[in-house]
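Open the model in your viewer and keep the selection tool at hand. This tour goes stop by stop.

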Amino acid sequence: YDDRDGFIWMDGELVPWREANVHILTHALHYASSVFEGERCYSGKIFKSREHSARLLESGKLLDMPIPYSIDEIEAAKEATLKANNLSDAYVRVVAWRGAGDDMGVASSRNPVRMAVAVWEWGAYYGDAKWEGAKLDIAKWKRPSPETIPVDAKAAGLYMICTMSKHIAESKGCSDALFMDYRGYVAEATGANVFFVKDGEVHTPLPDSFLNGITRQTVIGMLAEMNIPVHERHIMPEELSSFTECFLTGTAAEVTPVAQIGDYMFEVGQLTRNVSDAYEKLVRS
Ligand code: PMP
């Protein structure tokens with residue numbers, strides 16, 4: 001991803017893609033002082049753009065690294081980056097981090113908080129699984145307790161176990177991994193939230209140990225409008241056999257059906273199709 005034409009917004013300026021570099025003593029590189037957003041621009045408009053910017057600022061606050069930009073300034077940076085790269089359908093990555101500076105240890109308050117925006121074309125996150133249903137491995141790592149790490153932040157440090165779990169999943173021919181949480185409840189995938197269907201009703205884990213995704217919240221609102229009951233509750237892995245459909249939600253994943261989790265099988269069913277179609281319509285409306 002580093003060797004491309006185009007422009008990346010960095011600390012207030014658009015710089016040529018290949019020159020968007022940081023120093024090796026960047027605090028974030030050593031201590032994970034980094035928060036980010038993943039967004040999608042559809043037909044020239046970023047879906048839930050301000051919500052993503054607000055979550056970025058909140059993530060920065062949670063990590064004690066206040067981001068020196070307002071929501072409006074972040075919105076303007078994203079617009080400028082899309083325009084500079086001449087893209088109207090794109091994935092948008094905003095990242096903020098503690099840079100290099102006077103501190104080079106665990107503490108970092110004397111180092112600047114920096115921000116960048118990159119945009120690029122990105123198709124279906126799970127490829128053909130979008131139609132056939134994704135196959136998920138069950139991760140051996142657990143989502144940590146909210147007393148261990150700020151689970152509501154979209155922070156780089158929370159993704160270490162995601163990367164490891166996704167590598168194992170891919171080595172087994174799966175698209176992704178499903179996490180249980182520290183109590184053993186079903187939690188989420190490595191970059192998407194999970195929903196289940198039983199008897200025409202929807203069940204989804206309570207987001208008390210993982211990110212309450214913007215797509216998750218959007219889909220819950222859509223289901224209410226479709227008069228489909230949604231139960232947000234703790235779900236045990238033993239219950240997986242009682243569900244007939246399963247799907248993932250996320251900015252990158254959009255609404256992707258799941259065909260298999262470990263040994264449990266699901267149908268790519270009508271309710272999932274309806275939600276997926278309604279979401280596709282909504283993001284372009
Ligand atoms: N959980 C994790 C771990 C994620 O990385 C994402 C993607 N940001 C989500 C859930 C879904 O969040 P959203 O719908 O806001 O993209």
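Two residues count as in contact here if their C-beta atoms, placed from the backbone, lie within 7 Å. Keep that cut-off in mind at each stop. One more point before you start: this is a predicted model.

**Stop 1: the two domains**

Select residues 7-120 and colour them. This is domain 1. Now select 129-283 in another colour for domain 2. The C-alpha centres of domain 1 and domain 2 lie 26 Å apart.

How many residues of domain 1 are in contact with domain 2? There are 18, and they meet 11 residues of domain 2. On the domain 1 side, β3 and α2 are the elements that give two or more residues to this contact. The largest share, 8 residues, comes from β3. Sorted by class, the domain 1 side has 8 nonpolar, 4 polar and 6 charged residues.

**Stop 2: the sheet**

An open sheet of 6 strands comes into view, with antiparallel pairing. Walk across it in this order: β2-β1-β6-β5-β3-β4. Which strands stand at the edges? Select 13-16 for β2 and 45-46 for β4. Each has a single partner strand, so one side of each is left without a neighbour in the sheet.

What holds neighbouring strands together? Strands of a sheet pair through backbone hydrogen bonds, either parallel or antiparallel.

**Stop 3: strand by strand**

Select β3, residues 34-42. Its pairing with β4 is antiparallel and runs over 2 bridges. Zoom in on Cys41; its bridge partner in β4 is Ile46.

Now look at β5, residues 90-98. β3 and β5 pair in the antiparallel sense over 8 bridges. Pick Val35 and find its bridge partner in β5, Ala96.

Which residue of β6 does Ala96 stand opposite? It is Met115. β5 and β6 also pair in the antiparallel sense, over 8 bridges.

**Stop 4: the helix on the sheet**

Return to β4, which has a single partner strand.

**Stop 5: α2 against α3**

Select residues 71-84 to show helix α3. The axes of α2 and α3 come within 9 Å and cross at roughly 120 degrees. That angle makes α2 oblique to α3. The crossing is right-handed.

Show side chains here. From α2, pick Ser49, Arg50, Ser53, Ala54, Leu56 and Leu57. From α3, pick Ile71, Ile74, Glu75 and Lys78. By class, this contact has 5 nonpolar, 2 polar and 3 charged residues.

**Stop 6: α6 against α7**

Select 214-225 for α6 and 270-283 for α7. They pack at an angle of about 110 degrees, with axes 11 Å apart. Are they roughly parallel or roughly perpendicular? α6 and α7 are roughly perpendicular to each other. Their crossing is right-handed.

Show the residues that meet. α6 brings Val219, Met222 and Leu223. α7 brings Val275, Ala278, Tyr279 and Leu282. This contact has 7 nonpolar residues, no polar and no charged.

Terms used: Residues are numbered from 1 along each chain as its sequence is written. This is a predicted model: local features need pLDDT of at least 70, side-chain atom pairs count only at pLDDT 80 or more; totals for chains, interfaces and linings use all residues. Two strands pair if DSSP finds at least two bridges between them. Helices (H or I, at least four residues) and strands (E, at least two) are DSSP runs, numbered from the N terminus. Axes are lines fitted to C-alpha atoms, for helices over the stretch in contact, and angles run from 0 to 180 degrees between N-to-C directions. Domain bounds come from an automatic or database domain assignment. Ala, Val, Leu, Ile, Met, Phe, Trp, Tyr, Cys and Pro count as nonpolar, Asp, Glu, Lys and Arg as charged, and the others, Gly among them, as polar. Angles under 35 degrees count as roughly parallel, over 145 as roughly antiparallel, 65 to 115 as roughly perpendicular and the rest as oblique. A crossing is left-handed if the near helix is turned anticlockwise from the far one by less than a right angle, and right-handed if clockwise.
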